[in-house]
Amino acid sequence: MTNEREVPLRIENEREVPLRIEDAVNDACPWSGKPIAADSLTLYNGAVVGFCNPDCRDKFARAVQSFENALQARRVERAGLHQ
């Protein structure tokens, strides 16, 4: 979730608050191994995950979406719902 300035937000006490680098579960970018940056945070399964730059963060988002789409397609196929 992001606001107009593309600052990632999370819900805390029924309010949207910016993600904080000190809340990240990692210190190094999972793609590059470089230190994470405050402008490159995202939420994944309720946890703050950091990346070295917005491009790595966005690459992660695309990968997650791709996996989710593949899993959904498999569920549909196994349920016999595909056309």
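A residue counts as buried when its relative accessible area is under 20%, as exposed when that area is over 50%, and as partly exposed in between. These terms are applied below to a predicted model.

## Overall architecture

Read from the N terminus, its elements follow the order β-β-β-β-α.

Of the chain's 83 residues, 25% are buried. Its accessible surface is about 6,300 Å², and carbon and sulfur atoms contribute 49% of that area.

Helix α1 covers residues 54–79, which amounts to 26 residues. The distance from its first C-alpha to its last is 37 Å, close to the 38 Å expected at 1.5 Å a residue. Within α1, the residues C56, R57 and F60 are buried, and the cover over the buried residues of this helix includes strand β3 (41–44).

Features are also present at both ends of the helix. At the start of α1, a side-chain oxygen of N53 comes to within 2.9 Å of the backbone nitrogen of D55. Just after α1, G80 adopts a positive phi of about 75°.

## Cysteines

A disulfide is a covalent bond between the sulfur atoms of two cysteines. With a cut-off of 2.5 Å between the sulfur atoms, the model has zero disulfides. C29 takes part in none, and the nearest cysteine sulfur, that of C56, is 3.8 Å away. C56 is likewise in no disulfide; for this residue the nearest cysteine sulfur belongs to C52, at 3.7 Å.

C29 has a relative accessible area of 3% and is therefore buried. C56 has a relative accessibility of 12%, so it also counts as buried.

## Salt bridges

The model has three salt bridges. Salt bridges link R20, E22 and D23 in a network. In the R20–E22 pair, the closest N and O atoms are 3.6 Å apart, while the salt bridge between D23 and R20 has an N to O distance of 2.9 Å. R20 is partly exposed because its relative accessible area is 41%. E22, at 57% relative accessibility, is exposed, and D23, at 25%, is partly exposed.

D58 and R57 form a further salt bridge, with their closest N and O atoms 3.1 Å apart. D58 has a relative accessible area of 32% and is therefore partly exposed, whereas R57, at 15% relative accessibility, is buried.

Technical notes:
Residues are numbered from 1 along each chain as its sequence is written. This is a predicted model: local features need pLDDT of at least 70, side-chain atom pairs count only at pLDDT 80 or more; totals for chains, interfaces and linings use all residues. Side-chain values use heavy atoms; hydrogens and water are left out. Helices (H or I, at least four residues) and strands (E, at least two) are DSSP runs, numbered from the N terminus. Buried means under 20% relative accessible area, exposed over 50%, partly exposed in between (1.4 Å probe, protein chains only). Accessible areas come from the Shrake-Rupley method with a 1.4 Å probe; for residues, only the protein chains shown count as cover. The expected span of a helix is 1.5 Å times one less than its number of residues. Contact means heavy atoms within 4.5 Å. A polar contact is a pair of N or O atoms within 3.5 Å; within protein, one must be able to donate a hydrogen and the other to accept it, and residues adjacent in sequence count only if both atoms are side-chain atoms. A salt bridge is a side-chain nitrogen of Lys or Arg within 4 Å of a carboxyl oxygen of Asp or Glu.
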